[in-house]
Amino acid sequence: MTAETTFDATQDTLEALLKEIGRGRIQLPDFQRGWVWDDEHIRSVATSISRSFPIGAVMTLMTGGEVRFQPRLVEGVGLDGPPPTPERLILDGQQRLTSLFQALTLDRAIRTRDDKGREVERWYYVDIRKALGSAEDREQAVFSVPEDRRIKRDFGREIVLDLSTPEGEYANECFPLRSIFDSDRWFTGWMQHWGYAPEKIERFNRFRSDFIDTFKTYPVPVIQLRRSASKEAVCRVFEKVNTGGVPLTAFELLTATYAADGFNLREDWYGVSRPGQRHPGRAARLAEAGRVLRAIENTDFLQAVSLLHTSARRAQGGSDAPAISCTRQAILDLPLAGYRAQADHAEEGFRRARQFLWREKVFGGDDLPYRTQLVPLSTILIGLGDRWNDDAVRRRVRQWYWCGVFGELYGSAIESRFARDLPEVTAWALGGGPVPQTVQECNFVADRLLTLRSRQSAAYKGLHALIMQRGGAQDWRTGAGVDEQTYFDESIDIHHIFPRAWCERRGIGRGLYNSIVNKTALSAPTNRFLSGDAPSVYLRRLQERQGLAAERLDGFLRTHFVDPARLRADELAGMMAARAEALVAEIAEATGRPVGGAQIADIFRTGAAVDDGEENGS
């Protein structure tokens, strides 16, 4: 059976399309981005029409079907009363149609941009003599003038073209494009100005036939999506033809859908800040709750809402219950009632996630191993209800979380994993389900420590957090532990233990000294103490300037899983081998999974590391 087509291919005249736009019968869906064409583009499209060149098809959607978007008028349209319900929405062709509507119908200067990107106001004209000349002349016939309709030179002291009055237009034989569909009135003034001179009348008649009539009869191909088109079809078509390579987000599309029902999703997320009405949106409230939540994007939030909505529907049962999902399509299918029912729960879930991460020593958005993992984490913590903070429950959630980090499982194809995580981890954490697939798939190999050199790596960030959490990472100067306040106040970051400069002076390869095994969490003031010296030198300096006993400083070092004796002896390979074994043990404890490749210690002992590392840290 042949599938029924969802569109019709028709043809309208340019004049008819612009009239429908001016009456509000053709509008834009609210998710369309604004009109951005510059002066050159406007002149170019008008020139193409004047020469009967094609300017491409326009795509519209018939309204009145299942797909409902909030409409808005094409920029420049002014109506006396409220806008009517549109008959069609422009999906592709906004820039061309808006430019032509403004240049050909508005009796005012058009606000656009010049070739340097500066905002300007322009009127558009055609030089009648050039329009009737050679092909090269016709290409240059359409031009624009400033807001005062005067072209000047010599720093504005000399006027070379004055079109500020109808008489100036007639005298210079420059026809205003805004009169293209009402040329008879302008022609009457032209004849009166020239005293009904036969040659002028003949010239204008030729101009009307060759130029004006071309615009009036110009055919525009129109691909018209039928009312039966699905939202998925509309969105896919729109993105393929009209985004300049920048896909619309699900948030933008859902904003337009909800607006049709009187709900402003953008204000719900970003808040309202206008005279007489101010309130923070969910984004601001989450950012205020903790720095780590500033990383959340609006699409992350919608994914969490979608997971909670589909999970609730699934729990209710029934033949039409959807699968648990947060794919793009599931978000686009999220009804407003579903959003309203779950948005507060999703917000609370992210707040719980912040508390969870705080205990794991993940404080800022840049320190998140995976921003994406916040989505299933927040929904799991909501799914656990009041038991989300129970010790036994939390320990299982923690195991799942670190399995995701050290298994490096949230970098791609994540929506299907999210959909599994919510029911699997929730049931398992409450003691009523098997081990989740994410936990089973975690397979960290110790050799990976050699290649963890970039802070873009999830496992790299994860080890940074584990060192602060499990060891304590007391500051080498002050002995202070790490909490959220000291982390930011002291600018704690990942720094080299054996300084880079010291390693490079000894010909030690970057592949070895840039490994996470040679890095730890240090405050900015403490890192400056290290300078580029050998550990034996900077440790002695720390003791002398801070008045620290060697035994006390050694205790601080151990909270970073650093062997004090090897560090004081400047034994890079020995320190790294011992530390690698300790870090492997911490990863195994956090994930509850065995770690393979224990021969990593031998590599560190011999110092045999390839010099292909990505430099990172200080």
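This is a predicted model: local features need pLDDT of at least 70, side-chain atom pairs count only at pLDDT 80 or more; totals for chains, interfaces and linings use all residues.
Helix α3 spans residues 94-105. Its twelve residues reach 16 Å from the first C-alpha to the last. That is close to the 16 Å expected at 1.5 Å a residue. Eleven of the twelve residues are buried, so α3 is largely enclosed by the rest of the structure. The buried set runs through Gln-94, Gln-95, Arg-96, Leu-97, Thr-98 and Ser-99, and includes Leu-100, Phe-101, Gln-102, Ala-103 and Leu-104 as well.

The crossing of α12 past α15 is right-handed. From α12, the contact draws on Arg-282, Arg-285, Leu-286 and Ala-289. From α15, Tyr-339, Ala-343, Asp-344, Glu-347, Phe-350, Arg-351 and Arg-354 take part. By class, the residues of this contact are five nonpolar and six charged, with no polar residue.

The other pair joins helix α17 (residues 391-406) and helix α18 (residues 414-429). Their axes come within 9 Å and cross at roughly 140°. The two helices are therefore oblique to each other. The crossing of α17 and α18 is right-handed. On the α17 side, the contact involves Val-393, Arg-396, Val-397, Gln-399 and Trp-400. These residues meet Asp-421, Val-425, Trp-428 and Ala-429 of α18. Six residues of the α17 contact with α18 are nonpolar, one is polar and two are charged.

Phe-356 lies in helix α15. Its relative accessibility is 2%, so Phe-356 counts as buried. Neighbours within four places in sequence were set aside in listing its contacts. On that basis, Phe-356 is in contact with Leu-377, Leu-381, Arg-394, Val-397, Arg-398 and Tyr-401. Val-397 also belongs to the α17 residues that meet α18. The C-alpha atoms of Phe-356 and Gly-290 are separated by 12 Å. Along the chain, these two residues are 66 residues apart.

Technical notes:
Residues are numbered from 1 along each chain as its sequence is written. Side-chain values use heavy atoms; hydrogens and water are left out. A crossing is left-handed if the near helix is turned anticlockwise from the far one by less than a right angle, and right-handed if clockwise. Helices (H or I, at least four residues) and strands (E, at least two) are DSSP runs, numbered from the N terminus. Contact means heavy atoms within 4.5 Å. Ala, Val, Leu, Ile, Met, Phe, Trp, Tyr, Cys and Pro count as nonpolar, Asp, Glu, Lys and Arg as charged, and the others, Gly among them, as polar. The expected span of a helix is 1.5 Å times one less than its number of residues. Buried means under 20% relative accessible area, exposed over 50%, partly exposed in between (1.4 Å probe, protein chains only). Axes are lines fitted to C-alpha atoms, for helices over the stretch in contact, and angles run from 0 to 180 degrees between N-to-C directions. Angles under 35 degrees count as roughly parallel, over 145 as roughly antiparallel, 65 to 115 as roughly perpendicular and the rest as oblique.
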